[in-house]
Amino acid sequence: MVGDDEMSIVLRRHIPVIIVTIIGIFLFFTYPIDNPVVIGTAGILGNWAMILASFALGIGAINMIVIHGRRVSEMRKGLWEPSLALLITMAAVLLLGLATSVKSDEYTLVYDTLVGAGRLTLVSLRGFFMFSAFYRAYRARALDGTVMLIVSILLMMYNVPIAELFFPQLNVFTQWLLDVLFVGGERGLRIIGGIGMIIITFRILTTADRSWMGREE
Amino acid sequence: MEFTINWMMVTLSVLITVAVYSFLYRENMAFRLAEHVIIGSFTGHALVMAIKNINESAVARVSVGEIGYFIPIILGVLFFTRYIREYDWLQRYPLAVVIGISSAVAARSFIEGWIWKSLQVTISTPLNNLDHILILLAMLIAMSYFTFTIKHTGVVGSITRIGKIVILLVFGLTIPFDLISRLGSITSRLEWMIQAAPYVTAGATLLVLLWIVYDIATKGVTEELRT
Amino acid sequence: MSFLERIPRRIIFLTLIIVVVVPILSPFPLPVPITKNTRNYYNIIEALEPGSVVFYGTSVETRDIEAYPQHVATLKHLKEKKAIVITYCFGAGTALGQEWVYEDAGYDELEYGTDYVHLGFVPGGDATLTAFCNDMVATKQVDHYGNPTATMPIFQKVKTIHDVDLVIASGGGTPGPDTYARIVVIPYDKVSIVQVPGAMAAMVYDFINLKVFRGGVIAQRGAVEYEAITGHAGRATTTFAPIFISSIVLILLMIFGNIAYVSNRMKEGQ
């Protein structure tokens, strides 16, 4: 029926957009108002955001289960074994955390040796490739590349502190670069980036951008 | 050597690290397994913390009479309707709340914190000092590179070219900081492995070296190895 | 000469492993002059009166050699100044990491709930932090260990961010130090200092210049300086030598690689 379709569109598209706009405009404009009701409402919304963020973590985990579960069930060559390892580890850590608690010695040991250490290992792997890339990619081909090459070497000498110990004048120059040209350039980039962020958020709040809703029905 | 749980977990950690580092030679199944174990463990941990937080922040409040906190619980559950095609539009409700809140807070804080503060300090700083003048100039010149309403030709073109150099200077000074941080991560892992389990580390490393020697002996020094 | 331009990647990796492992096996001390950012960071904490309240946004997820020693040295210094510490974590892993930091800094000698409190993981980023600034107990009703915050002695006198004397921001990503700057420090005009790993160093230089942060411990070098200035030599100091050697090796590789590159291009040009 026609009425049902209209009602359906209101429920599926219009009401969510209205929610974004009302909440967004309320929080944006009421911030400077020192009123207990306003502050209290903003506080409640902040707590809701915290709870919803926790639920959103669950979405990430379910996506993982779906993707890797499919690989295991289809026994995809070269993929199903690592996927099975991922699912088993995820389940083991989850069960341990729920059965004991995050404060228990067992969970702390697993976190220390597996979760935290594993994450640091993956991060450090990138370090090897960065080290190699610095040597292979930083070439004095043109003015641009030469500028990046020289300042990168200066900064590395400043950081560890080769310049300070052996070339003090170079160190003074690098400190000046950081305190003046770098600060100015970084500030300009940040202002531009901030303007971009504000435009994006205003487009969402004024419903000009509805891409967050996903597919059209 | 006592085969305690602690020893076993430390050994597992060392083996996973060596397996990950075997990727430096080439991609292999041990690396893939280790990588997936790490990702699985971190996802499991994130889930544990999320459940703990929902329990403390929402369920606990509802159980002491704050009925209003049923609303975020219901909204949170609606997130999971994305997996049911017929009802996946329901996830737009919790998304709308999250996006409304985060957009407003972000917009306000970016205006006040990033833009207004930067402009206020820059404009109010007296230009009685070459460094202050250069900071202002560097800021304006870097920003000019991103203005596309005027064609980058002539004088404007020269300014934007200088702007590009300033931006490259910023990147050239930023990226080494990241590298030093990564070198720290490498040092941290290697130092821990050598101190916590030197024999296991040496044994695992020897295994990897033997595998490399075997690989080169059977396949020869390929073009990929030469790059 | 052309070899210097194209050393195989795997040789580079092996070289890096060797130059990191050798100083680990035979460590040597390095003199590290103190920079003004670290000195300012130290002076701000040194000027705290006993009983000052410090809101500390922490970011230790792993036992690394940058963030971990920065946090341990800071907490030891705060303990010496008898400051009251409230720790707050954006990341799921940082809540557990912070437990180790408290242990290494000797906080088990102090009274939990009165001298310090660990609020743990608080998801939601900007929005939750905004709510927390206005009403701490309503936003975080239980701490990391499950204890109710409403009955804690600290929260009898610390209700909002206005009751905090010093904000210490840290972090290696987003949310991170810029989040604290935008949501807490600038709107509420709080005295603040920052500690960051190298990856976030670029951002904080400008905030330091804007006096948003009055001092900063930046990257591992900052951690080494801070350990030296507070007299608590720790892991950052003992593991700085590998960073030093590997940086020298990389600088030499970059210089010689470019000399080889330029000379090869000139030969090709001829």
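In the predicted model, chain A is divided into two domains, with domain 1 covering residues 103-131 and domain 2 covering residues 138-210. The C-alpha centres of these two domains of chain A are 29 Å apart. For chain C, the domain assignment gives a domain 1 built from two stretches, 2-27 and 242-269, and a domain 2 that runs over 36-238. Taken over C-alpha atoms, the centres of domain 1 and domain 2 of chain C are separated by 38 Å.

Chain C contains 13 helices and six strands, and its C-alpha trace extends over about 80 × 40 × 30 Å along the principal axes. Of its 270 residues, 59% count as buried. When contacts in chain C between residues at least 6 apart in sequence are considered, 73% of them link residues at least 24 apart.

Between chains A and B, 93 residues of chain A are in contact with 93 residues of chain B. On the chain A side, at least two residues each are supplied by α1 (2-30), α2, α3 (80-99), α4 (105-137), α5 (143-159) and α7 (168-205), and the most is given by α7(A), with 23 residues. By class, the side of chain A that touches chain B comprises 65 nonpolar, 20 polar and eight charged residues.

Between chains C and B, 38 residues of chain C are in contact with 37 residues of chain B. The elements of chain C that give two or more residues to this side are α2 (9-25), α6 (125-134), α9 (177-188), α10 (201-209), α11 (219-230) and α13 (240-269). Of these, α2(C) gives the most, with six residues. The side of chain C that touches chain B has 25 nonpolar, seven polar and six charged residues.

The buried residues in α6(C) are C:G125, C:D126, C:A127, C:T128, C:L129, C:T130, C:A131, C:F132 and C:C133.

From α2(A), the contact is made by A:I39, A:A42, A:G43, A:G46, A:N47, A:A49 and A:M50, and from α6(C) by C:A127, C:T128, C:T130, C:A131 and C:N134. Six nonpolar and six polar residues take part in this contact of α2(A) with α6(C), with no charged residues.

In terms of class, the contact of α4(B) with α9(C) has six nonpolar, two polar and three charged residues.

Within chain C, helix α4 (residues 67-80) and α11(C) have axes that come within 9 Å and cross at roughly 25°. Because angles under 35 degrees count as roughly parallel, α4(C) and α11(C) are therefore described as roughly parallel to each other, and their crossing is left-handed. On α4(C) the contact is made by C:P69, C:Q70, C:A73, C:K76 and C:H77, and on α11(C) by C:G222, C:A223, C:Y226, C:E227 and C:T230. The residues of the contact of α4(C) with α11(C) comprise four nonpolar, four polar and two charged.

Terms used: Residues numbered from 1 in each chain as written. Chains lettered and ligands numbered in written order. Predicted model: local features only at pLDDT ≥ 70, side-chain atom pairs only at ≥ 80, totals over all residues. Contact = placed C-beta atoms within 7 Å. Helix = DSSP H or I, 4+ residues; strand = E, 2+ residues; numbered from the N terminus. Nonpolar A, V, L, I, M, F, W, Y, C, P; charged D, E, K, R; others polar. Buried ≥ 20, exposed ≤ 12 C-beta atoms within 10 Å, placed from the backbone. Domains from an automatic or database assignment. Axes fitted to C-alpha atoms, helices over the stretch in contact; angles between N-to-C directions. Parallel < 35°, antiparallel > 145°, perpendicular 65-115°, else oblique. Left-handed = near helix turned anticlockwise from the far one by under 90°.
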